[in-house]
Structure formats: structure tokens, C-alpha cells
Amino acid sequence: MNTNDLKIFEAVAESGSFTKAATMMYTVQSNVTARIKSLEEEFDTKLFSRTSRKVELTPEGLILMQYCKQIQHLMEEAKHNIRSSDRIRGCLKIGCIETTMALKAPEIYRVFEEKYPDVELEFKSDTRDSLILDVLNYRLDAAFVSAPINIKGLEKISINEEQLVMVASSKGPQLSTLLTKEPLKIVVFDKGCIFRERLESWLSHKGILNYKSTVVNSIEGIVNFVEAGLGISILPEEIVSACYSGREIKSYGLSKQLGTMNTVLVFRKDGPGSRALQCFMDMYSQI
């Protein structure tokens, strides 16, 4: 077995086809078939179930796929670290929830770029659940997400504590009046968003089960909909006051339990990370 065998294995798994995998790997189908057979003999198990329509991973194949991701990741890290023995170089992929991206990412970039100008930083915004999955599957090096986090394979560093507030249009009725209307309208990010979870938890605590959700994919979108009187939402108080203080929206405080959000930086603990990632984490572990 060699690393190219694992790349062929991944290509078959991702494409669901020996023919497509051959095209992806610039080889012939017979070679793909031979390499997969060799792997199955080495592990003494079937890695794929084959039908007339497609090829799928067996349970054993799924296990090998996880190790493949780790091996490929470690190989890339080794290349970066060897090539960058004199200076900190490489590329870091960092995830953020939408509000962190809007409010914190520019300063994160500025501070890190001043210290490590040869490291390329890439940011991705998504929901909490998706970011965690991306870190576990090696698509991100680390991610800023809300606590609590207790997931096997992940380590975390505490970053800060934020206060959340309820927001509604200042042009419409008071929040207490809005809560009496059926259905109550709420404006939220997609499922997996911590703000949506907090809002739905708050509504449940109030005994409000009849509500209509409007899903948008940006903070600006949420603010626009709320300002227009099309629903209420929950956002960090800092982003409301720093970026939207001039808008026709009103903030309402929440209880400590629902209104406090702790942000952590999560990363994998399955082996040595890149020097660039270690430097990034050191900025926060020393706080």
C-alpha cells in the first residue's frame, strides 16, 4: 500500500464509480480495479459494495476513509513544515459563525498577518454544526463556535463571552404585543445556528409554539427583515450596537442563561498540526 493507493480509494469513494475515479486520477479503470483489490487483500475485507448502478463504501470502507483523511492531512502538514523550516508559512482555513465573521474576522486577520505575513488565511462562515463537522473532516483547521462543546476528537480554547439580545422593529408594536399575535413571525438563520436555537428555546419557555420562520443567510438580511417589521430575532448585542445603531430596531434583554454566549476556538487533537496553526492557537491560549 502507498499513498497513491489511498488517493485512488478516495476517488472511488467520492465518485461512486471506478470509471470516474480512473478519469479523476488520470489512469485506466483496470489499474483502479487492481489497486482497490490490492487494498482489500491487504486489509482482508471488502471496502466497497458494488451494484450495477454505483459503488458504495462498506462499514469497513468508511473506517478506512477516516484514516485516509488523516493520512492525507498529515502528509500535507509534513510538506508545509519541511518547506517552512526557516519561516512560518502555509495556509490556514478558519471557520466562523456569521456574526464572528462580520465583527471579529478583520481584526483576527490584521493581527495574525502582522506577525506571520507568509501565512495565507482563509475564512469560511457557516452554522455552528457545519463548522464543527468541517473541522472533524479536515476541511477546516479550526473554527470559532459557541460553547458548550464536548465532542470526541476536538480540543477547545475559550475566547470570549458575548451578550445576546432580542431585536424587533422600533416602528411597530412592543415585544409584549408581538408575542400575542398568531402566528408570531421570527427571522432566523438556517438550522444549526446558535441564535436560532436560543430564540426557539426562548419561545418554548414562553409557551409559544405557533410561530412562522423566515430563513435568511446574512446578518444584514436579518436586520432588514426585522426593521421592516417582518419578525423578531436574536443577535449579539455588540454587533447590533456597533454596526446597526442607526437602524430602526429595538433591543430587548434576555436572561443570563439564554443571553450569554461563550465562544471557543475548536481544533482537532489527533496529532501534530502545522506550525502556522500552532501559532494561531498560541495567540488565544496566552489570553
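**Note on the predicted model**

1. Lys-171 is exposed, with a relative accessible area of 52%. (Exposed means over 50% relative accessible area, buried under 20%, partly exposed in between, with a 1.4 Å probe and protein chains only.) Its side chain meets that of Glu-248 in a salt bridge, 3.6 Å from N to O. (A salt bridge is a side-chain nitrogen of Lys or Arg within 4 Å of a carboxyl oxygen of Asp or Glu.) Lys-171 sits in the loop between E6 and H8, and Glu-248 in the loop between helix H11 (237-243) and strand E10 (249-252), so the pair ties together parts 77 residues apart in sequence. Glu-248 is partly exposed, at 38%.

2. This is a predicted model: local features need pLDDT of at least 70, side-chain atom pairs count only at pLDDT 80 or more, and totals for chains, interfaces and linings use all residues. Residues are numbered from 1 along each chain as its sequence is written, and side-chain values use heavy atoms, with hydrogens and water left out.

3. Pro-173 lies in the loop between strand E6 (154-169) and helix H8 (175-178). (Helices, H or I of at least four residues, and strands, E of at least two, are DSSP runs numbered from the N terminus.) Pro-173 is partly exposed, at 34%. Beyond its neighbours within four places in sequence, Pro-173 is in contact with Leu-178 and Lys-181.

4. The whole structure holds 14 salt bridges. One of them joins Arg-50 to Glu-40, with the closest N and O atoms 3.4 Å apart. Arg-50 is in strand E1 (residues 48-50) and Glu-40 in helix H3 (residues 29-43), so the pair ties together parts 10 residues apart in sequence. Arg-50 is partly exposed, at 40%. Glu-40 is buried, at 13%.

5. Salt bridges also link Lys-124, Asp-126, Asp-134 and Arg-139 in a network. Within it, the side chains of Arg-139 and Asp-134 meet at 2.7 Å, N to O. Asp-134 is buried, at 5%. Arg-139 is partly exposed, at 43%.

6. Now the overall fold. The protein chain has 13 helices and 11 strands. Buried residues make up 43% of its 287 residues. Its radius of gyration is 24 Å, whereas a compact globule of 287 residues would have one near 19 Å. (The radius is taken over C-alpha atoms; the globule rule is 2.2 Å times the number of residues to the power 0.38.)

Note on methods
Contact means heavy atoms within 4.5 Å.
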